[in-house]
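This report walks through a structure feature by feature, for a reader who is new to reading models of proteins. Please keep the sequence and the 3D view at hand while reading.

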Amino acid sequence: MTLLDRFSRWSGAFSTLLLPLLLLVPALFLDVLVADTFKTTPEVLILLGGGLMVLVVGIGRALGGLPALGGGTGSRARWLMAGLTLWVGVTSVFAFNARMAWIYAATFITYMLVGQSVLDWLEEGRERRRLLIASLGGLALIQTLIGATQLLRLPYRAWAEHVPGGSWLHSFLISLTAGAETGTAIGTMGNPNYLAECLVLLWPVLFGAALVIKSRWLKVTMFGILVLIAGVLLGTSARAAAGGLILSGLVAVWLVWGAETIAYLRQGWASARGRLAFGCAAVAMVVVFAVAGGPIVSKFQRLGTSDESIGSRLVNWQVAVAMIGDRPIQGAGIGNYKALNTAKLAETHSEGIPLAATKTRFAQAHNEPLQALVELGLVGGLLLLGALVFWVRETISNESLSKPLQFGLVWGVGALLASGLFGFPLHIPVTALALMTVLALGLAGSRPVLAPVLPTPWRVVYTAVVAVLLGTLLWQVAVKDALPLYAGGRYQDLGEKLTKLDGGETTLTVLSLAERTQRYRVEVIEKKIRALVNAEKFDEAVALYDGSQREGLGLGSLYWKGRALQKLGRKQEAYAAFSQLATLFPEGTDYNKRSSRHMRRLKKELDLEGAAPQRLKEGH
Amino acid sequence: MTSLLLRFGAPLALVAVFAIGLLTQSTPASATLAERTEVGIGYYKTNQLRMAREVLGDVLRVEPSNFRALYGSGLVEYQDKQYAKAEAFLMKALDVKKDPEAYLTLGAVYRSGRAYVKAERVFRELRQDPKNAKAAYNLGMLMLERGRYKEAKDELTAYLRIEPAADDKIRVLKKINQIATRMKEAEKKK
């Protein structure tokens with residue numbers, strides 16, 4: 001064995017240690033969206049850990065004479081994914097707001113590279129597949145156990161009081177109180193829907209794996225865990241996830257076994273063991289449903305357009321469709337949905353936003369295909385669709401996978417995508433990372449693994465090139481980008497708290513810092529406008545609002561602009577700003593009430609001055 | 001050969017495209033020392049004392065004589081009831097700049113730490129500026145704590161004379177009335 005081979009094996013061993021950590025550690029921190037303008041702890045951990053994984057696996061393969069990022073050779077799904085990645089880069093250059101697009105594009109390519117690296121890593125040995133499935137099981141178990149304790153309303157806040165403030169454990173316990181105090185299962189994911197989406201991806205994969213486990217006790221344990229996960233999944237009351245799980249399960253059965261399904265079921269039923277298994281499954285389903293199914297049933301009964309979550313989604317989708325029409329081929333650029341959405345919402349609903357939609361700020365389309373079309377256009381949408389179709393085909397024809405595992409993988413990905421029709425699971429870091437590993441599982445071993453093809457001297461050169469290129473990219477993504485953006489998030493949090501206190505120099509400095517370190521600055525600018533009004537710097541507030549129109553400011557900023565104009569004595573302009581807000585927001589909403597109050601006062605003053613223009617009077 | 005190039009080169013070409021794309025993007029600038037100081041003060045203002053101590057400590061490691069960081073650290077320790085540490089930071093801050101606000105805070109630290117004589121000396125020095133309302137208020141409250149009612153009443157009255165529109169005017173007036181009552185009771189006992 002040459003020295004290069006030895007290094008290659010060491011890197012393989014290191015990556016074997018790294019992968020479980022990469023999957024499990026971020027789950028111990030409260031999760032936020034991938035597309036957020038700043039990076040949070042789990043995402044930074046994923047970017048740093050994932051970056052390291054990509055580098056280690058890439059160098060390991062190069063040292064061994066194999067192409068870096070070359071696993072799954074011949075897979076069309078992989079090439080389409082690569083094409084999609086390239087397209088993301090292209091659209092980022094021509095994006096509506098390129099700065100914003102690059103922030104997200106950097107994250108996107110890292111996740112793609114992590115997926116490819118896991119595929120490379122899996123092809124190095126079959127036993128690695130088990131480790132990956134066990135790690136995914138660990139992730140599901142962590143989230144499930146936390147979710148279960150939240151459903152049981154464990155006193156996390158009281159426990160946190162016994163732990164030193166500022167420590168990780170203290171913050172962790174406090175973050176869990178969000179669910180525990182209301183009896184909602186959210187795990188460490190911040191929202192019951194996010195937890196459900198993660199679990200619907202993992203549950204079928206673990207189910208498929210449990211079916212092929214040979215050890216009887218391990219099998220029973222796995223099914224016990226699956227029952228617990230199912231209970232917590234139901235406890236989240238996430239309708240889209242539950243519906244998606246059932247529907248995609250049926251589709252996956254048809255795709256994997258087709259007409260043979262009935263024959264298999266008959267065969268199973270014919271044996272005593274099979275009947276016992278069916279009986280146990282039926283009892284488990286009934287028990288789980290009886291214990292945790294109540295809330296989700298009543299939520300399904302409320303289904304209709306009067307349902308707030310449905311109503312807001314309908315408005316959101318309407319806006320998204322209008323946005324697709326603006327740039328149908330190339331899209332607005334990845335990560336640009338949020339910035340364009342507010343202006344489009346005001347445009348498509350100039351006569352007034354429906355009440356159900358006023359409480360949600362549409363940072364996401366709540367429909368992954370629609371959001372993909374808005375941001376990546378038809379080309380990106382087709383590439384994504386093609387990649388998924390080929391992935392299903394290649395997974396089903398992957399002879400190195402047992403049928404139950406093929407079924408579990410296709411079911412899991414299908415369930416996640418189905419729930420993505422009503423949410424945004426691909427934007428949740430922990431879920432997105434888990435998805436990439438599941439996709440890799442489907443393709444791994446579908447093609448014969450190549451023997452080393454590079455002669456030794458060339459391996460050294462090639463390894464150097466790989467190290468430089470991957471190192472540069474990942475250094476840029478993880479260190480030069482993610483860490484400052486992580487700091488930006490902390491500045492933004494601090495700025496938000498300070499804005500509520502005053503608009504003094506400290507507040508403005510912190511907000512300026514957040515604005516500069518985040519690059520995509522909408523939320524910060526909104527706070528800064530408010531802080532400038534608080535600091536009585538009205539001219540600056542108006543100038544900042546007017547100069548930031550392209551950033552896609554939220555409608556709340558219009559209120560603060562109106563306040564600044566009012567204070568500056570520019571009454572007609574102030575009246576117009578409040579009037580626009582009052583029209584957009586239906587009666588009874590906060591903005592409508594506040595704007596109407598200012599409008600009444602302004603109208604009185606303008607009437608007294610005899611200056612109220614006819615146009616404004618007619619408006620109201 | 002083409003197939004070899006494609007297998008080895010294509011993934012790296014994609015990586016190279018992104019690496020170049022990201023390199024052309026400006027990296028967010030990190031905070032200057034002055035900005036970090038304000039961040040530390042911000043954490044203090046929002047009662048996140050551990051973070052405030054950490055950030056201001058970092059600033060002081062780079063620039064040990066940064067007045068605002070020293071003053072901010074003094075405020076943090078004062079808030080955290082670590083009076084000895086607060087005194088040390090404020091003394092250092094005052095060595096850098098004779099700032100009346102910082103000196104007033106030092107007096108408040110002495111008062112909270114029950115070093116009444118030192119506190120009185122600080123407030124009386126500050127009272128040499130007849131317009132320093134905060135010094136009058138603090139001296140008045142100190143005198144009240146020490147049971148020196150007449151001086152307390154005079155100082156609080158002076159405070160309201162300097163700041164006739166003070167936010168806490170009603171509360172201070174009530175305090176003055178209470179002091180007057182106590183003074184009468186004391187006289188009766190005599």
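## Helix pairs in chain B

In chain B, helix H5 (residues 83–96) packs against helix H6 (residues 100–112) at an angle of about 160 degrees, and their axes are 10 Å apart. Helices here are DSSP runs of H or I with at least four residues, whereas strands are runs of E with at least two, and both are numbered from the N terminus. The axes are lines fitted to C-alpha atoms, for helices over the stretch in contact, and the angles between N-to-C directions run from 0 to 180 degrees. H5(B) and H6(B) are therefore roughly antiparallel to each other, a term for angles over 145 degrees, while angles under 35 count as roughly parallel, 65 to 115 as roughly perpendicular and the rest as oblique. H5(B) passes H6(B) in a left-handed crossing, where left-handed says that the near helix is turned anticlockwise from the far one by less than a right angle, and right-handed that it is turned clockwise.

The model is a predicted one, in which local features need pLDDT of at least 70 and side-chain atom pairs count only at pLDDT 80 or more, while totals for chains, interfaces and linings use all residues. Residues are numbered from 1 along each chain as its sequence is written, chains are lettered from A and ligands numbered from 1 in the order in which they are written, and side-chain values use heavy atoms, with hydrogens and water left out.

Also in chain B, helix H2 (residues 33–45) and helix H3 (residues 49–62) have axes that come within 7 Å and cross at roughly 155 degrees. That angle makes H2(B) roughly antiparallel to H3(B), and the crossing of these two helices is left-handed.

## A helix pair in chain A

In chain A, the axes of helix H1 (residues 3–24) and helix H2 (residues 41–63) come within 8 Å of each other and cross at roughly 155 degrees.

## Salt bridges

How many salt bridges does a search of the whole structure find over all chains? The search finds 26, where a salt bridge is a side-chain nitrogen of Lys or Arg within 4 Å of a carboxyl oxygen of Asp or Glu. One of them joins Glu54(B) to Arg50(B), with the closest N and O atoms 3.4 Å apart. Because they are four residues apart in helix H3 of chain B, Glu54(B) and Arg50(B) are separated by about one helical turn. Glu54(B) is partly exposed, at 39% relative accessible area, and Arg50(B) is also partly exposed, at 40%; buried means under 20%, exposed over 50% and partly exposed in between, with a 1.4 Å probe and protein chains only.

Another salt bridge links the side chains of Arg148(B) and Glu120(B), at 2.9 Å from N to O. Arg148(B) lies in the loop between helix H8 (133–146) and helix H9 (149–162) of chain B, and Glu120(B) in helix H7 (residues 116–126) of chain B, so the pair ties together parts that are 28 residues apart in sequence. Glu120(B) counts as buried, at 16% relative accessibility, whereas Arg148(B) counts as partly exposed, at 31%. Glu151(B) and Arg124(B) also meet through their side chains in a salt bridge of 2.9 Å, N to O. Glu151(B) belongs to helix H9 of chain B and Arg124(B) to helix H7 of chain B, so this pair ties together parts that are 27 residues apart in sequence. The four residues Glu120(B), Arg124(B), Arg148(B) and Glu151(B) are linked in a network of salt bridges.

## Loop residues

Arg153(A), which is not a glycine, has a positive phi of about 55 degrees, and its place is the loop between helix H5 (127–151) and helix H6 (156–160) of chain A. Lys81(B), likewise not a glycine, has a positive phi of about 60 degrees; Lys81(B) lies in the loop between helix H4 (67–79) and H5 of chain B and is exposed, with a relative accessible area of 61%.

Pro354(A) sits in the loop between helix H15 (337–348) and helix H16 (368–396) of chain A. The C-alpha atoms of Pro354(A) and Leu584(A) are separated by 8.7 Å, although the two residues are 230 residues apart along the chain.
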